[in-house]
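Visitor: I would like to go through this model term by term. Please set each label against its rule.

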Amino acid sequence: MTILGIETSCDETSAAVLRNATVASNIISSQLIHTNYGGVVPELASREHERTIVTVVDAALKEACIAKDEIDIVAATAGPGLIGAVMVGLCFAQGLAWSLRKPLVPVNHIEAHIFSAFIRESADQETPAGGFISLTVSGGHTMLCAVQENLTYDVIGRTIDDAAGEAFDKTGKMLGLDYPAGPLIDRLASEGDPGFHRFPRALTAGSQTSKNYRGNFDFSFSGLKTSVLRYIETHGENFVKRHLADIAASIQAAIVDVLVQKTVSAAESLEMDTISVAGGVSANSGLRKKMAEACERSGIRLHVPKAVYSTDNAAMIASLAELKLDRGFTPETRYDNAPYASFTKPSIT
Ligand code: KG4
Ligand code: ZN
């Protein structure tokens, strides 16, 4: 079976071909246009997707050495995301599926991230077996959920304010770093001292709110943002410049500690022996290292996507469509009047 996946929910235009459940191509075009604005500008994102989608899809087909009529299924992100951006990819996918008379499979972007650690590049790679605790951390989402083998989800925690990626990006902006600051903080942190300053770890053991931390799998990062702002105001620009790597490492440690503590504690509480981390922030080297150490200590198996599958990509969209078909979900295909043909009701909103 050959699946073409399309992803345009934010600022990456991506198309991928999955052949016999393994990735044959995964083209990602990242929009640089937003750098000057300190964040993604929705209207500009939609226009960029429109400009590049044909080229990106053609490149994915070319790299996989297939012609359009060899596609069996078209899968596209149907949300959540920037609505204009999502519509560009979804409408393109609909048009293509209709012209080829092939099914269109709409995919939930977050659900696709959840399974991104299981994207296969060769036939002998693992597919998810049994349930697992999933931590999804991106620019817009921070969510802990218990994933059952039948692909149902119990959301057990989410952020009550900022997402983890947002915490990286916004504190990074305060330090004078370009958007997206996450990867830059990661790089700086590798040369800094994470113990240089202790920024708050909200809703965890040892935090000011520690009385309430037990069994609380929600996250909060807005206090960290305020704390970094106050720290910069108190110490001044020159101090910040001199100690940039140490401050970046301290911010990263505060975010990572919370993510690791809550995720491992969720797995222990629900007696699940596998954790999977996904989303843009799962590319963070500090998070990967600390989560691996904590899982090792607790005898938990850890799955993390390859860096290229951590951030938005179409391989994860095609792979989830494939996984669902493999597990017996059937796509409804109604070209006439259903822009959102669906496997099931969306399980995550
Ligand atoms: O999943 P993603 O590509 O897009 C969303 O759906 O949001 O995630 C983007 C987020 C941004 O906030 C970016 O700063 C963050 O992921 N990110 C990182 C790293 N790479 C990307 N954060 C920390 N360390 C990284 N290495
Ligand atoms: Zn994403």
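Visitor: What makes the pair Lys324 and Glu111 a salt bridge?

Guide: The model is a predicted one, and the pair is judged on its computed coordinates. A side-chain nitrogen of Lys or Arg has to be within 4 Å of a carboxyl oxygen of Asp or Glu. In the pair of Lys324 and Glu111 the N to O distance is 2.8 Å, so the pair meets the rule.

Visitor: How many salt bridges join domain 1 and domain 2?

Guide: The count between domain 1 and domain 2 is 0. The chain is divided into domain 1 (2-115 + 310-343) and domain 2 (129-304); these bounds come from an automatic or database domain assignment.

Visitor: What is in contact, then, between domain 1 and domain 2?

Guide: On the side of domain 1 there are 17 residues in contact with 21 residues of domain 2. A contact here requires heavy atoms within 4.5 Å. The centres of the two domains, taken over C-alpha atoms, are separated by 28 Å.

Visitor: What area do domain 1 and domain 2 bury between them?

Guide: The buried area is about 1,500 Å², and carbon and sulfur atoms account for 67% of it. In domain 1, the residues that lose the most area to domain 2 are Ile110, Ile114 and Ser310, together 38% of what that side buries.

Visitor: Which domains supply the lining of the largest pocket?

Guide: Domain 1 and domain 2 each contribute at least three residues to that lining. The largest pocket has a volume of about 1,100 Å³ and a lining of 43 residues. Nearest its centre lie Asp11, Gly139, Asp169, Tyr179 and Pro180.

Visitor: Which helices supply at least two residues of that lining?

Guide: Helix H3 (109-114), helix H4 (164-174) and helix H5 (182-189) each do. H4 gives the most, with 6 residues.

Visitor: How is the lining of the largest pocket divided by class?

Guide: There are 14 nonpolar, 19 polar and 10 charged residues.

Visitor: Why is the space lined by Pro200, Arg201 and Ala202, among others, called a cavity and not a pocket?

Guide: A cavity is a set of points where a 1.4 Å probe fits but cannot get out, whereas a pocket is an open set. The largest cavity has a volume of about 50 Å³. Its lining also includes Ser220, Phe221, Gly223, Leu224, Ala254 and Val258. Helix H6 (222-242) and helix H7 (244-269) are the elements that give two or more residues to this lining, which by class has 6 nonpolar, 2 polar and 1 charged.

Visitor: How many cavities of 30 Å³ or more are there?

Guide: The count is 2. The second largest cavity holds about 30 Å³, and its lining includes Phe115, Pro128, Glu149 and Arg327. The residues of this lining divide into 5 nonpolar, 2 polar and 2 charged.

Visitor: Is the peptide bond from Tyr179 to Pro180 cis or trans?

Guide: That bond is cis, with omega near -10 degrees. Pro180 is in the loop between H4 and H5. The bond from Gly79 to Pro80 is cis too, with omega near -5 degrees, and Pro80 lies in the loop between strand E4 (73-79) and helix H2 (83-100).

Methods. Residues are numbered from 1 along each chain as its sequence is written. Chains are lettered from A and ligands numbered from 1 in the order in which they are written. This is a predicted model: local features need pLDDT of at least 70, side-chain atom pairs count only at pLDDT 80 or more; totals for chains, interfaces and linings use all residues. Side-chain values use heavy atoms; hydrogens and water are left out. On a 1 Å grid over the protein atoms alone, a cavity is a set of points where a 1.4 Å probe fits but cannot get out, and a pocket is an open set with protein on both sides within 12 Å along at least five of seven lines; lining residues have an atom within 4 Å of a point. Grid points are joined across faces, edges and corners, and a volume is the space filled by probe spheres set on the points. Helices (H or I, at least four residues) and strands (E, at least two) are DSSP runs, numbered from the N terminus. Ala, Val, Leu, Ile, Met, Phe, Trp, Tyr, Cys and Pro count as nonpolar, Asp, Glu, Lys and Arg as charged, and the others, Gly among them, as polar. Buried area is the accessible area (1.4 Å probe) that two parts lose on being put together, summed over both.
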